[in-house]
Amino acid sequence: MVSWIAVAVAAASAVWILVDIYARGHRQRMGIMEAVWPISALYFGPVAVWGYRAWGRPMSDRWQKEHGDPPERPFWTKVAVGVSHCGAGCTVGDIIAETAIFLFGVEIAGRALWAEYAGDYILALALGVVFQYFALAPMRGLGPGRGLVEALKADFLSLTAFEVGLFGWMALMSFVFLPGSPLHPGSPVYWFLMQIGMVIGFFTAWPMNIWLIRRGIKEAM
């Protein structure tokens, strides 16, 4: 029951953000954020709604016409938005990879976990670079080739740090919490625990994003 509630609240949070962006007209100046905010809600739930209301909605033309320039944000909020970019790529990549591995019964060395690690990382990195590209390229005026290179530089370490936290949690799920009866993507408990893993990954990626932003490798959002 707790898992069903957590998944339902997260889905409702994502829908609320989508409605606010598209139906209520708070379109984001940085278009990729229109995907990042609702995807972040899939694991942060109401916390993502709070973040969107505080930092995302003021980035829309409608909000600025009604209230003027957006308020100056402290550095930590820029780090949080930066982490959310790689988090969005990880979330979508993991949902696709985990579901496909479950449906096709893929295993490596007799365990689905190793296949999940490989599939999650490859898809998360590919999608994370795409998310990062659509953030960096417009801000720096980069062409496709240079933009993808810079996006890879900005996202590779950030995403890897995110996955370290998530993969560590997945290992605990598989070997410690439920070693005898591993969960699968057909269970709401699985996705509730993955939400927790995503939150852990968000914070393991935090120090790396501080370093990347301060070095100028990643843009402060």
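User: Is Tyr-190 buried or exposed?

Analyst: This is a predicted model, in which local features need pLDDT of at least 70, side-chain atom pairs count only at pLDDT 80 or more, and totals for chains, interfaces and linings use all residues. Residues are numbered from 1 along each chain as its sequence is written, and side-chain values use heavy atoms, with hydrogens and water left out. Buried means under 20% relative accessible area, exposed over 50% and partly exposed in between, with a 1.4 Å probe and protein chains only. Tyr-190 has a relative accessible area of 3%, so the residue is buried.

User: Which geometry does the aromatic pair Trp-114 and Tyr-117 have?

Analyst: Rings of Phe, Tyr and Trp (its six-membered ring) pair if their centres lie within 6.5 Å; planes under 30 degrees apart are stacked, over 60 edge-to-face and the rest tilted. By this rule there are 15 aromatic pairs. The ring centres of Trp-114 and Tyr-117 are 5.8 Å apart and their planes stand at 65 degrees, so the geometry is edge-to-face.

User: Where do Trp-114 and Tyr-117 lie?

Analyst: Trp-114 is partly exposed at 33% relative accessible area, whereas Tyr-117 is buried at 17%. Helices (H or I, at least four residues) and strands (E, at least two) are DSSP runs numbered from the N terminus. The two residues are three apart, about one turn of the helix, and both lie in helix H6.

User: What is the angle between the ring planes of Tyr-190 and Trp-191?

Analyst: Tyr-190 and Trp-191 form an aromatic pair with 5.2 Å from centre to centre. The pair is edge-to-face, and the angle between the planes is 85 degrees.

User: How many residues does H3 give to the lining of the second largest pocket?

Analyst: A pocket is an open set of points on a 1 Å grid over the protein atoms alone, where a 1.4 Å probe fits, with protein on both sides within 12 Å along at least five of seven lines; lining residues have an atom within 4 Å of a point. The second largest pocket has 16 lining residues, with Phe-44, Val-47, Trp-55, Ala-80 and Phe-202 nearest its centre. Helices H2 (33-44), H3 (46-56), H5 and H8 each give two or more residues to this lining. H3 gives the most, and its number is five.

User: How much space lies in the largest pocket?

Analyst: Grid points are joined across faces, edges and corners, and a volume is the space filled by probe spheres set on the points. For the largest pocket, the space is about 390 Å³.

User: Which residues lie closest to the centre of the largest pocket?

Analyst: Helices H5 (75-104), H6 (112-140), H7 (144-177) and H8 (188-204) each give two or more residues to the lining. Of the 21 lining residues, the closest to the centre are Ala-112, Leu-113, Glu-116, Pro-182 and Leu-183.

User: Which side chain is joined to that of His-26 by a polar contact?

Analyst: His-26 lies in the loop between H1 and H2 and is buried, with a relative accessible area of 4%. A polar contact is a pair of N or O atoms within 3.5 Å; within protein, one must be able to donate a hydrogen and the other to accept it, and residues adjacent in sequence count only if both atoms are side-chain atoms. The contact here spans 3.1 Å, and the partner of His-26 is Asp-20.
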